[in-house]
Amino acid sequence: MMKRRDFIKQTAVFVTGAALSSSALVMLDPKELLAQRPELRWGFLVDTHKCVGCGFCVKACKIENDIPIEANVTRTWVERYVLKKNGEVLADSPKAALNGFTSELIDQNASGLKEVDADEIAQAFFVPKLCNQCETPACVQVCPVGATYQTADGIVLIDRKWCIGCGYCVMGCPYGVRFFHPVEHVADKCNFCYHRISQGGNTACAQACPFGARKIGNLRDPNDPVAKTVLRDRVGVLRDEYGTKPQVFYLGLSKEVH
Amino acid sequence: MVEQIAAMVVHGEAWTVKDLFVLPNEYVYWSIQIVMYPYMTGLVAGAFVLSSLYHVFGVEKLKQIARFALVFSFALLPVAMLPLLLHLTQPLRGIHVLMTPHFTSAISAFGIVFMTYACIVAAEIWFVYRTFIVASVVRLSAKDNRTVYQRLLLQIYRVISLGAMDVSKEAVESDHKAVKFLAGLGIPVACFLHGYAGFIFGSVKANALWMTPLMPVIFIFSAVVSGIALCIVSYYVFMEIRKRAAKGGWNFFLPETIGHDRAEFSYEELNSMQDHEVKMTSKYLLIFMTLALTLEVLDMIFRGYTAVKSWDALRQVIYVHDFTQIFIMQGLLGNVIPFILLLLPRITVRRAVSASLLVLLGVFMMRWNVVIGGQAFSLTFNGFMHYSLPIIPNSIETFKEGLMGALLVVISPFVIFYFLNMVFPAFMEDKSATH
């Protein structure tokens, strides 16, 4: 007859042993194995020195991806930063820079348009923004139904037929790239024009940019121009403190931008 | 052309006012219904914890209100889901959360936690009322001339008795054991249900105001506070109605009368019951309020003291933009005044109920300040967003996510309770002990 105390002891030993040994095993999903593409990881390079804020990229993106032109949401946008000599920082993105920056007045939304004297300006520049196709995307983590997911080549996509429209991904993205599509009524965002790049094409924004400020590339290919720049030049990323590992790299990133 | 542009109003644009530098896609996406969601789940969890104080810990003084709290918690339960459904831009796909849950998401567990909790509450009610159900079946079937209501009730009781007609001493004894077990199991599950609502917010790393591990704990305590406060207020109101009904003979408000053909309590009996229960419960309210307040103040002090990068923007929101909502509505009206009211000696029913009403406002404002306040500043930390609640709806969207949608959510539990109370009389005097 086994004593109760011994029984409990032996059970504990057995459970611990069983748990430890089974934790060494890794379940392999065949689908995951097949989908792996070690030779391809999409990345993006933005050269802020080259951007002039014309907004061609925004317009091209809206047309290419069927985002209504007049709707106040967008998959990509351009921000303008005006740094004054007294240290003040002003920034705006009127209509997401759809029509470019045609006025010197800074759009401060409810606070109106702000005039800045040219003599007060220390420097001014433009920063294009788009989805960062993060390595560990917060939006994919929080989607309650798995309607947004990451492809093997690193692009985060949205299943329009499965999205319930809870907005958790919109709140979860630290970069504000997500919104609700005004016609489809589901979450939407930039996908590096996946339908084009997966057919060997360029993204609409990069193609529309007259100055080469935007470039898409394969980060795993050592001969790819984008991969080369990321490797050899000093590039920055946005908000790395969130641990999302963004894959859009910036040349000439200033500390005012995040 | 104007119509075309009007049709292109994007989700969130109708009620968001942007100021200074806000990103193009930023709007107040989580509006009034997401304020209602933690508020309603909080009430469910709180009401259940109150009922468990009697069933598990044997706080005899709360016997009357415990039974009411249990039935009311069940009435609140389906309504906790309603705000989420109203908030979705694809409400018909809401079922996907149950069908294809994506377990890395905090929301995906909602279905499982919610269903578990619903089963526990339903089972507990069944065990609490089983003797009553059997007695009702026996009594009603013995009657010769049954009214329409009595016939309907008999059918309902027959079905929900599930054929378990044994009311021997042993059977009743095991009922009581089951109630105690379920009530005990229900407390952690209720806390989980609500703590996890806090986790939904607390785990959004992109939001500087939400992201804190304290969030689930703060939510649990404020949930218990609001649940108890709502039970006090509605118990008071329902007892007032019952007192009036007992005087005026309005049997529609006295469900046990429909079954029995006569009123069970006199006006005076009801009055003393109400007095006792309200005063007793308000003591527990005070205890939980102290805990909830401590945590909230701790959170605020910690943010100010550590003052990380986001603090400049948060400070603007807390001390300037949302000052009235945070310090006047939530702090002063919702916390300080009711705290003093409850603390002063020789408490009266009216005072306890007024304090509870203020507490309900305070907890609602706390949810508001978390949900709306969390979206009051831009990701850029250089801009702000103001939420203006749509009052008169001009589209489905402004109805669902406006004042009307919120009122719909508030009214529903009372309608459900009215009918539920006919089947499970929440104010019934139990001759035998329930635990």
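A polar contact is a pair of N or O atoms within 3.5 Å; within protein, one must be able to donate a hydrogen and the other to accept it, and residues adjacent in sequence count only if both atoms are side-chain atoms. By this rule, 30 residue pairs (both at pLDDT 80 or more) are in polar contact across the interface of chain B and chain A. The model is predicted, so that local features need pLDDT of at least 70 and side-chain atom pairs count only at pLDDT 80 or more, while totals for chains, interfaces and linings use all residues. Side-chain values use heavy atoms, with hydrogens and water left out, residues are numbered from 1 along each chain as its sequence is written, and chains are lettered from A in the order in which they are written.

The interface of chain B and chain A contains one salt bridge, defined as a side-chain nitrogen of Lys or Arg within 4 Å of a carboxyl oxygen of Asp or Glu. Glu241(A) and Lys309(B) meet through their side chains in a salt bridge with an N to O distance of 3.8 Å. On the side of chain B that touches chain A, strand E1(B) gives the most, with four residues; strands (E, at least two residues) and helices (H or I, at least four) are DSSP runs, numbered from the N terminus. Contact (heavy atoms within 4.5 Å) involves 44 residues of chain B and 55 residues of chain A. The two chains bury about 4100 Å² between them, 60% of it on carbon and sulfur atoms, where buried area is the accessible area (1.4 Å probe) that two parts lose on being put together, summed over both. Within chain B, the residues losing the most area to chain A are Phe21(B), Asn25(B) and Lys205(B), together 16% of what that side buries.

Chain A is divided into domain 1 (42-134 + 189-251) and domain 2 (138-188), with bounds from an automatic or database domain assignment. The centres of these domains, taken over C-alpha atoms, are separated by 20 Å. Their contact takes 25 residues from domain 1 of chain A and 21 residues from domain 2 of chain A. Between them, the domains bury about 1800 Å², with 63% on carbon and sulfur atoms. Trp42(A), Lys189(A) and Tyr194(A) supply 33% of the area that domain 1 of chain A buries against domain 2 of chain A, more than any other three residues. One salt bridge is found across this domain interface, along with eleven residue pairs in polar contact (both at pLDDT 80 or more).
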